[in-house]
Amino acid sequence: MSSPVYIVGVGVITAIGNNVAENLAAFDRGEAGMGDITMLNTNHAGVLPVAEVKLSNEELADLAGLPPHLSRTKTLSLVAAREALLDAAIPNFSELRTGFVSANTVGGMDKSEDFFVDFLNNNDKGKLRNVFDHECGSMTEVVANELGISDYLTTISTACSSSANAIFYGARLIKNDMLDVVIAGGVDALAKFTLNGFNTLMILDKQFCRPFDDTREGLNLGEGAGYVVLVSERVAKTLNNPPYCALSGYNNSNDAYHQTASSPDGTGSYLAMQGALTKAGLQPRDIDYINLHGTGTPNNDSAEGTAIKRLFGPAYPPMSSTKSFTGHTLGASGGVEAVFSVLAIKHGLIYPNLRFKTQMHELPFSPETEFLKNQPIKNVLSNSFGFGGNCTSLIFSAV
Amino acid sequence: MKLYIKSAAAISAQNTFSKGPFLADLTEYTGTRLNTIEPDYKEFLDPKLARRMSRVIKMGVAAAMQCLRDAEVSNPGAIITGTALGCQEDTITFLERIIELEEQMLPPTAFIQSTHNTVAAQIALMLKCHNYNSTFVHKGISFESALLDAVMLLKEGDANDVLVGGIEEMTDTAFKILTRLGLYKRWPISNLDLFKAKSKGTLGGEGAAFFVLTDKPSDDNMAELVATRTHFNAAGKLDIESKIKTLLTDFSLTVEDIDLVITGKNGDIKNDAVYEILDQSLFADTSKAYFKHLSGEYATSVSFGLWLASNIIKKQTVPVVVADGEISNTSPKKILLYNHYQNTYHSLTLLSAC
């Protein structure tokens, strides 16, 4: 079961870019993706900043090559998954055992919201085409069909850790010799449902979020999709390009503290990071960069920071929250940040944590604020923690 | 490595949760929808907590707790659930309030409990279980995906005593929408006559079934879980007969070795035609059973099928009510559970006496 799984392709779409190159360019410019709401039809427009993908539903559908009336979740997913698959350039793809493991939290909710407006007035009304495909799994199915993947597909939904779990479930399908190639990651489109949900919890910042800053007041919601292409060693050897890296460690632990809040000492986060290190056979000192979950809520950053202090202290690797650029893309965040982690290894990058000014009073460390290039980066730890105490950490390692 | 089903607990439209006789005391429903017979939750949940919980959370938590008690497991190595629509009731409640209250002053509880992983999370919270915890949400193979995850965890040696469950609740709203989509029969019938009707549509259902899986042999285990596989019918090209033969061959079996095939027939003529092709060919001489007249149809109803299969093997008896034709061997040792969901996802689960 210790056979390695390699990452040979990446694809991403977020508020800072519609593909990998645009996302990297935005990091270079230090340009965040948040702003006033322009796409989503909500009363919170102009009040709550979000990180929208800067394309209308029609433009996105056009980019994806899908009909214009589909859920934004599907089009975002297809754009990023297709980029990852093309990037991998696997010559005999159709002859291999292939899988698609995707994640999301609210499926086709953007369309269901339209349906319910009419349905609530009259239960015989509401366009059924806006609701029949609501299920999370339908998002995955549409994209798998477009990519020609049929040997195995499934969908995971563990709140904000969803796509990190999808990635390592995909790796395990390869390790168990069920599949040769898996595209894995996740997607979420902005929806009134989630915007209002997080708003009721009073964890949305009316300003741009300030992860790991002592003055942080909450998160900004984002949207997007991120996927990696995982392959077995046998497949990796047949490719023209060397793999980006290996997925060397992973762990899913539960905080078992509260349905939405993290425990003060970050028990789940600690166990996930520690478990991933054990799986990878690494020590904390081997980690060269931590891509933080770093939502910018007082609770998350305090719990995550405390867990890092317990596990890494007193020697802390550089770390940052790329959510300061992309917002919190919920079910997509683990996939999006996996792509950033892989690129960190490939290009020797450490991303800046935007808008950081004041070190958190309870922590002896602060995040990196400069975009650092040409860094010697061998091992990257990526954290994704969610509601329900679902905590997952992944470790990517240079090969 | 051999894997076993150590315990199974189901809350369903039948009296499956109490320790009564095995599907002898049947509940008849007339209509197009079967609701679960819910237990007294006091035994499993603090009533103060339970009041805030939707039915799917209560059903899921209670079935999980009973399953763990039966297996004498206090801290499972993993908690994995499968559900296509998750916490429907809370999702719909929150969605309706957004519209009615025009996004202002919304209460948070429904949103908090709306995420698909709520049941798995609540089980972890109640047990203070920090182990692996995941939720699969892939339409008609949500439960099978969870089951495969459990199998892999055991084979990888990363967990023992894995708790895995299939859950789904039917709400009035979903029932109305699914009826408009044509899933159910157009007129009321008795569920016990479901397979006599020969018409379009099925009966809506819901339920929660949990299992503890282990790699440790024991006389107390219910059945050996030999294999579980899913097949996606891309572009209608799936040859399920050859997939079944492959599965049997992989375990050095022939169709003659299968004592009972439990199918996912649901009374919808189009749905059942897929099974009837095999009734005439591969399974022409095999004893057959069905279960969806007892549970109703829902995306994770195959978990009720697995509860049935595990109990048939453990108790070595086939309840009369599930017989689809003549049962030649009433104490089956090998059972194949074959289900498909809208002919898009097919799943095969093979069980054997320990």
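Let's start inside chain A. A:Thr73, A:Lys74, A:Ser77, A:Leu78, A:Ala81, A:Arg82 and A:Leu85 sit on helix H3(A), and they meet A:Met139, A:Val142, A:Val143, A:Glu146 and A:Leu147 on H5(A). By class, that contact has 7 nonpolar, 2 polar and 3 charged residues.

Before I go on: this is a predicted model. Keep that in mind throughout.

Now the geometry of that pair. H3(A) covers residues 72-88. The axes of H3(A) and H5(A) are 9 Å apart, and the packing angle is about 40°. An angle between 35 and 65 degrees counts as oblique, so H3(A) and H5(A) are oblique to each other. The crossing of H3(A) past H5(A) is right-handed.

Next, the interface. How many residues of chain A are in contact with chain B? The count is 50 residues of chain A, against 46 residues of chain B. Which elements of chain A supply at least two residues each to that side? The helices are H4 (109-121), H5 (136-147), H6 (162-175), H7 (192-200) and H9 (267-280). The strands are E3 (152-156) and E6 (245-254).

Over to chain B. Chain B has 11 helices and 12 strands. Its C-alpha trace spans about 65 × 50 × 40 Å along the principal axes. Why call chain B compact? A compact globule with 354 residues would have a radius of gyration near 20 Å, and chain B has 20 Å, so the two agree. Of those 354 residues, 58% count as buried. Then look at contacts in chain B between residues at least 6 apart in sequence. Of these, 79% join residues at least 24 apart.

One helix pair in chain B to finish. Helix H2 of chain B is residues 55-71, and helix H5 of chain B is residues 118-127. Their axes come within 9 Å and cross at roughly 50°. That makes H2(B) oblique to H5(B). H2(B) passes H5(B) in a right-handed crossing. From H2(B), the contact uses B:Val56, B:Ile57, B:Gly60, B:Val61 and B:Ala64. From H5(B), it uses B:Thr118, B:Val119, B:Gln122, B:Ile123 and B:Met126. By class, there are 7 nonpolar and 3 polar residues in this contact, and no charged ones.

Methods:
Residues numbered from 1 in each chain as written. Chains lettered and ligands numbered in written order. Predicted model: local features only at pLDDT ≥ 70, side-chain atom pairs only at ≥ 80, totals over all residues. Contact = placed C-beta atoms within 7 Å. Helix = DSSP H or I, 4+ residues; strand = E, 2+ residues; numbered from the N terminus. Axes fitted to C-alpha atoms, helices over the stretch in contact; angles between N-to-C directions. Parallel < 35°, antiparallel > 145°, perpendicular 65-115°, else oblique. Left-handed = near helix turned anticlockwise from the far one by under 90°. Nonpolar A, V, L, I, M, F, W, Y, C, P; charged D, E, K, R; others polar. Rg over C-alpha atoms; globule rule 2.2 N^0.38 Å. Buried ≥ 20, exposed ≤ 12 C-beta atoms within 10 Å, placed from the backbone.
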